[in-house]
Amino acid sequence: MQARREHAAGRLIEKVPALASLRLAFVEARASGWRGGGYVRHVDLGRALALFELPCSYVHCQGGGYDRTGDLLGGLRTQRARFEGGHACVGRCGPIRCTRMLYFEARAAYLPRSGPAAEAPAPEPEPPALAPRFASR
């Protein structure tokens with residue numbers, strides 16, 4: 001099933017050909033204030049799929065995870081240099097829904113446009129820093 005989704009998604013560079021670099025920062029948290037360790041992923045554009053599904057890290061969560069494909073592709077296709085979002089886990093912990101959330105920040109650079117309306121190339125993205133509301137919990 002996962003292989004079928006990966007094949008159907010295609011390559012990221014095919015979906016967003018102007019993309020020059022992409023860094024993704026992730027933090028998992030709960031409404032209770034718990035904040036897990038975050039991490040940064042530097043995306044290898046030569047190999048990356050246009051599929052951004054991440055599992056829930058809670059060991060007792062069943063069927064959980066986060067699909068950020070729509071948010072990320074939307075921001076990249078409109079050539080946003082920086083954007084962020086969050087999503088609740090879709091899994092269950094016994095009879096109740098999982099309470100974890102995944103927050104992300106994307107920083108991207110794009111190839112310069114050619115033609116008379118060409119703009120200067122996007123600057124190299126700064127190191128990712130998640131929104132302050134998540135940094136101090």
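At 36% relative accessibility, Arg82 counts as partly exposed (partly exposed lies between buried, under 20% relative accessible area, and exposed, over 50%, with a 1.4 Å probe and protein chains only).

The structure is a predicted model, in which local features need pLDDT of at least 70 and side-chain atom pairs count only at pLDDT 80 or more, while totals for chains, interfaces and linings use all residues. Residues are numbered from 1 along each chain as its sequence is written, and side-chain values use heavy atoms, with hydrogens and water left out.

## A chain of charges

Side chains of opposite charge can pair when their charged atoms come close. Here the count comes to five salt bridges (a side-chain nitrogen of Lys or Arg within 4 Å of a carboxyl oxygen of Asp or Glu). One of them joins Arg82 to Glu84, with 2.6 Å from N to O. Glu84 is partly exposed as well, at a relative accessible area of 32%.

Arg82 also meets Glu105 in a salt bridge, at 2.9 Å from N to O. This second pair links distant parts of the chain: Arg82 belongs to strand β5 (residues 82-88) and Glu105 to strand β8 (residues 100-110), 23 residues apart.

Glu105 has a relative accessibility of 1% and counts as buried. Its side chain forms a further salt bridge with Arg107, at 3.6 Å from N to O, and Arg107 is buried too. Put together, Arg82, Glu84, Glu105 and Arg107 make up a network of salt bridges.

## The sheet behind the network

Where do β5 and β8 stand in the sheet? Four strands form an open sheet in the order β2-β1-β8-β5, with antiparallel pairing. Strands β2 (39-42) and β5 are at the edges with a single partner strand each, so one side of each has no neighbour in the sheet. From one strand to the next, the twist averages 20°. Strands pair here if DSSP finds at least two bridges between them.

Strand β5 runs antiparallel to β8, and seven bridges join the two. Across this pairing, Glu84 stands opposite Glu105. Helix α3 (residues 69-77) packs on the sheet and touches β1 (19-30), β5 and β8; its direction makes about 20° with that of β8. Contact means heavy atoms within 4.5 Å, and angles run from 0 to 180 degrees between the N-to-C directions of axes fitted to C-alpha atoms, for helices over the stretch in contact.

## Rings across the strands

How many aromatic pairs are there? The count comes to two, where rings of Phe, Tyr and Trp (its six-membered ring) pair with centres within 6.5 Å, and planes under 30 degrees apart are stacked, over 60 edge-to-face and the rest tilted. The rings of Phe26 and Tyr39 have centres 5.2 Å apart and planes at 35°, so this pair is tilted. Phe26 lies in β1 and Tyr39 in β2, so the pair ties together parts 13 residues apart in sequence. Phe83 and Phe104 form an edge-to-face pair, 6.2 Å centre to centre with 80° between the planes. Phe83 is in β5 and Phe104 in β8, so parts 21 residues apart in sequence are tied together. Phe26 and Tyr39 are bridge partners as well.

| Residue | Relative accessible area | State |
|---|---|---|
| Phe26 | 2% | buried |
| Tyr39 | 37% | partly exposed |
| Phe83 | 3% | buried |
| Phe104 | 2% | buried |

## The helix on the sheet

Back at helix α3, the residues Thr69, Leu72, Leu73, Gly75 and Leu76 are buried. They cover an arc of only 165° around the axis, which puts them on the same side of α3; the arc is that of the directions from the helix axis to the C-beta atoms. The cover over these buried residues includes α2 (12-15), β1, β3 (53-54), β4 (66-67), β5 and β8. Just after α3, Gln79 takes a positive phi of about 55°.
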